[in-house]
Amino acid sequence: MSKEIIRLENIYKTYKNGTINVEALKDINLTIKEGEFVAIMGVSGSGKSTLMNILGCLDRPTGGNYYIEGVDVSEKTDDQLSQVRNKNVGFIFQSFNLIPRTTALKNVELPMVYAKIPKEERRCRAIELLNGVGLGDRYHHMPNELSGGQKQRVAIARALTNKPPIILADEPTGNLDSKSSIEIMEIFRKLNKEDKNTVIIVTHEHDIAKYTDRIITFFDGEITSDKETENMKQEAL
């Protein structure tokens, strides 16, 4: 049986808006197991992006405890959170966040530069990852020479450079056409099923969420449903 990789206990997040306190998350209790493929859904303002920021150690909860692989990261310093983030989490964003005047290969290499991985090793790793997302013929292309789907593939390859166990994707198909969206979701399924990454996707699109095994729905800062999809039910048979 898979062990838990993420556990949230009584998580609150409150923001100040002038003299008013806005509760973005209210007493969230949630467990995600190693190797799960999860969609987090909700309308704008539901709390899903706030949750994503906490899961990715980009923000701290106002109250409660957040455990990654059994370690409570809620009270860690900024430097410690950065180390946890770099080791455990690969991020993929709606806007790709690629460096414009840098090739696909160099974009993928960048996190490994910061990690002080030797030049030849990081080049080989970047080539391997770009091949893995179907961009073996696009190493030296600049982002403006790539389609939206190709840019997102570069972003996925970059997120995998340091071999994180958790992949967090924030509206990863939001800027893509339907064909590219399907291709990107198939890559995520492969990462989850074959490479055993835990993949968590924030989306407002039901057609995207259906690729996952579990859909967690938020409304007004609370979890309103947590259901297995047909994918998980079929695998259980």
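## A walk from the hairpin to the cores

Start by selecting N17, which stands opposite I20 in β2. Strands here are DSSP runs of E with at least two residues, numbered from the N terminus, while helices are runs of H or I with at least four. What you have open is a predicted model, where local features need pLDDT of at least 70, side-chain atom pairs count only at pLDDT 80 or more, and totals for chains, interfaces and linings use all residues. Residues are numbered from 1 along each chain as its sequence is written, and side-chain values use heavy atoms, with hydrogens and water left out.

Now show β1 (residues 4–17) with β2: they pair in the antiparallel sense over ten bridges (pairing takes at least two DSSP bridges). Two residues sit between the strands of this hairpin, and G18 has a positive phi near 70 degrees.

Next, pick V22, in β2 (residues 20–33).

Time to go inside. Select L130, V154, I156 and F188: in the largest nonpolar core, of 34 residues, these touch the most other members. Such a core is a set of buried Ala, Val, Leu, Ile, Met, Phe, Trp, Tyr and Cys residues joined through side-chain atoms within 4.5 Å. Zoom in on I156, and you'll find contacts (heavy atoms within 4.5 Å) to I92, V133, I184, I187, F188 and L191, leaving out residues up to four places away in sequence.

Last stop: a separate core of 28 residues, including I5, L30, L51 and V89.

Terms used: Buried < 20%, exposed > 50% of the residue type's maximum accessible area, 1.4 Å probe, protein only.
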